[in-house]
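This report goes through a protein chain from individual residue contacts to its overall make-up. Please keep the sequence and the model open while reading.

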Amino acid sequence: MKVFVTLSALFAVTMARGYNSQDAYSQQHQAPAYQQQQQPQHYQAPKHEQYSAQKPPIPILKYDSKLNHDGSYQYAYETGNGIQAAEQGYVKNAGHKDGEIQVAEGYFQYTGDDGIPISLKYVADENGFQPQGDHLPTPVPLPKEIIEAYEKIAADPRQNDGDDGQYRAELHTQHKYQHQPQQQQQHYDQSQHYKY
């Protein structure tokens, strides 16, 4: 028992001193200076850690959410940095098997990094996503000449052949293959045209 206590005490003193057999080995067998890599002088946090360390979390000031049994829903939230959003969704033509359409309507607004407020209202339905906002780019207006050409084409019935660009199978029926005897091919003889 005395031996066990003595060895335990010796072990504890060695650990408290910070002795490590690898330290002793590395001191005796150091790599040449050209093989040693320099360690950075101080720790530099990655960008995302710097960002999160500098700014406190943004609080959620308001959050409402409701999901109904018929599939309709609505939600709204507002954050401490001025972001606001709301959306409601429902099924249009409910009960009509081939005519049911999921519709979502909503808005969101926030202040951009440049200080300009951004506000967007939208509808998503059978016509796709339709955003509306003052910050969105608008299409370039068509030149007057192009508009007049379109009007002229639409007014002239001879120009309108009824083809609206849609594929119609009845207009593109395949003809059955009919075997016709091959005509004898004429062979081209170079010797008749070129004399050496």
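## Tyr90 and its surroundings

Leaving aside residues up to four places away in sequence, Tyr90 touches Ser72, Ile101, Gln102, Val103 and Glu105, where contact means heavy atoms within 4.5 Å. The model is a predicted one, in which local features need pLDDT of at least 70 and side-chain atom pairs count only at pLDDT 80 or more, while totals for chains, interfaces and linings use all residues. Residues are numbered from 1 along each chain as its sequence is written, and side-chain values use heavy atoms, with hydrogens and water left out.

Tyr90 lies in strand β3, strands being DSSP runs of E of at least two residues and helices runs of H or I of at least four, both numbered from the N terminus. With 29% relative accessibility, Tyr90 counts as partly exposed; the scale sets buried at under 20% relative accessible area, exposed at over 50% and partly exposed in between, for a 1.4 Å probe and protein chains only. The side chain of Tyr90 also makes a polar contact of 3.2 Å with the side chain of Glu105. A polar contact is a pair of N or O atoms within 3.5 Å; within protein, one must be able to donate a hydrogen and the other to accept it, and residues adjacent in sequence count only if both atoms are side-chain atoms.

## Ser72 and Thr79

Ser72, in the loop between β1 and β2, has its C-alpha atom 4.2 Å from that of Tyr90, although the two residues are 18 apart along the chain. Ser72 is buried, with a relative accessible area of 11%, and, residues up to four places away in sequence not being counted, Ser72 touches Lys66, Leu67, Gly89 and Tyr90. Its side chain takes part in a polar contact of 2.8 Å with the side chain of Asn68 and in another of 2.6 Å with the side chain of Asp70.

Thr79 belongs to strand β2 and is buried at a relative accessible area of 10%. The side chains of Thr79 and Asn81 make a polar contact of 2.4 Å, and beyond four places in sequence Thr79 touches Ile58, Pro59, Ile60 and Leu61.

## A salt bridge and a neighbouring position in sequence

Which side chains meet in a salt bridge? Those of Glu126 and Lys92 do, with an N to O distance of 3.3 Å; the term covers a side-chain nitrogen of Lys or Arg within 4 Å of a carboxyl oxygen of Asp or Glu. The pair links distant parts of the chain, 34 residues apart, with Glu126 in the loop between β5 (117–125) and β6 (128–132) and Lys92 in strand β3 (residues 84–92). Side chains of opposite charge can pair when their charged atoms come close. By this rule the count comes to 1 salt bridge, and both of its partners are partly exposed, Glu126 with a relative accessible area of 43% and Lys92 with 27%.

Asn93, in the loop between β3 and β4, has a positive phi of about 60 degrees although it is not a glycine. Asn93 counts as partly exposed, at 37% relative accessibility.

## Helix α4

Helix α4 (residues 144–155) has 12 residues and should span 16 Å at 1.5 Å a residue, which agrees with the 17 Å between its end C-alpha atoms; the expected span is 1.5 Å times one less than the number of residues. Helix α4 is hardly covered, with a count of 0 buried residues among its 12.

## The chain as a whole

The chain has 4 helices and 6 strands, and from the N terminus on its elements run α-α-α-β-β-β-β-β-β-α. Of its 196 residues, 8% count as buried, and among contacts between residues at least 6 apart in sequence, 11% join residues at least 24 apart. The accessible surface of the chain comes to about 19,100 Å², of which 53% belongs to carbon and sulfur atoms, as given by the Shrake-Rupley method with a 1.4 Å probe, where for residues only the protein chains shown count as cover.
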